[in-house]
Amino acid sequence: MRFLTFKNSDGNVGAGVLLQDQKTVLDLTHGSCRAILGSTQPTILSLVQNGLETWQKKISIFIVENSLDPDAIRVLDNLKLCAPIPNPGKVVGAAYNFTDALDERSMPYPGEPVIFIRSGNTVIGPNDPILIPPDVGNVGYEAELAVIIGKRALFIEPKDAMECVAGYTVHNDISGSGMIKQDGGNFVRGKNMPASAPFGPFLITADEVKNPYAIQIQLDVDGRLLQKGSTSTMLFKIAELISYISKQMPLEPGDIIATGTPAGLAMVHTPTAWLEPGQTVHVELEGLGVLNNPIKKGVPFLE
């Protein structure tokens, strides 16, 4: 099942489910859907926190067994989509986690995952502008598979870790590479610029992704193809990442893990492909969707 978050004309955010025709959406904020949700808030975060798999089953049964109210059906192309979870508690990223990206830079493979933390406040959705501050130096892109955590993970082993996955989405991990280099490899500034973490368009439930290590990843900027890879070159697999992170900090429902990016980073191209205001970034993960974001000039970040 494909869940999405959208903004209504009144500015309120709600959740929906993409219907079988792939063109229309069941609006879970509509009054007729109270029969499914009861007192649960119609947001993806609330559904995840209360067991997304259970809600998926209830919604599926409701769609099959009921004549849907026409007013509860929305046209996908008419919706302003947001990140599936616009306000995650945290985003945990995996750096240096694709072998082809390491190979092209002649970098050694790390012996354990290298992780960093993003504030949930950096998250934006499809078609929202990525903001490039004028004072941060080079800024790059990273097309990634993101994992949405569905149940609390605390000091768990890899064999149990996939039970904690609620679903997947597309991510572009915008990175202040100039600051990361200046900070000696520390990620905290370079990974926490405002409006630097696009996610979307959907949360695809785990049952729909039969093999998360066979997903094609592609990124272009204004039609210039810069990344074309696959999750098959992921070094530390999802279960290993969840286990490792869960032994550093609790992972809560709605948290997100960004699993890393394949070859084709900005610095390896000739000419280099650092992001600039006025461009548009297009990310596609096979079967998961397309994520487009324009780039605009932001306000100074270091003042």
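Modeller: V92 stands opposite I117 in β7, and this contact belongs to a pairing in which β6 and strand β7 (residues 114–119) run in the antiparallel sense over six bridges; two strands are said to pair if DSSP finds at least two bridges between them. Helices (H or I, at least four residues) and strands (E, at least two) are DSSP runs, numbered from the N terminus. With strand β15 (residues 256–258), β6 pairs in the parallel sense over three bridges, and there G93 stands opposite A258.

The model is a predicted one, so local features need pLDDT of at least 70, side-chain atom pairs count only at pLDDT 80 or more, and totals for chains, interfaces and linings use all residues. Residues are numbered from 1 along each chain as its sequence is written, and side-chain values use heavy atoms, with hydrogens and water left out. The mean pLDDT (the predictor's confidence in each residue, from 0 to 100) of the protein chain is 97, and 100% of its residues reach 70 or more.

In a regular strand the side chains alternate between the two faces of the sheet. In β6, K90, V92 and A94 point one way while V91, G93 and A95 point the other way. Six of the six residues of β6 are buried, where buried means under 20% relative accessible area, exposed over 50%, and partly exposed in between, with a 1.4 Å probe and protein chains only.

β6 (90–95) also takes part in the lining of the largest pocket, being one of the elements that give two or more residues to it, along with α4 (99–104) and α6 (177–182). A pocket, on a 1 Å grid over the protein atoms alone, is an open set of points where a 1.4 Å probe fits, with protein on both sides within 12 Å along at least five of seven lines, and lining residues have an atom within 4 Å of a point. About 510 Å³ of space lies in this largest pocket, the volume being the space filled by probe spheres set on the points, which are joined across faces, edges and corners. Its lining holds 28 residues, of which Y96, R105, E142, L265 and M267 lie nearest the centre, and α6 gives the most, with four residues. By class, the lining of the largest pocket has 15 nonpolar, nine polar and four charged residues, counting Ala, Val, Leu, Ile, Met, Phe, Trp, Tyr, Cys and Pro as nonpolar, Asp, Glu, Lys and Arg as charged, and the others, Gly among them, as polar.
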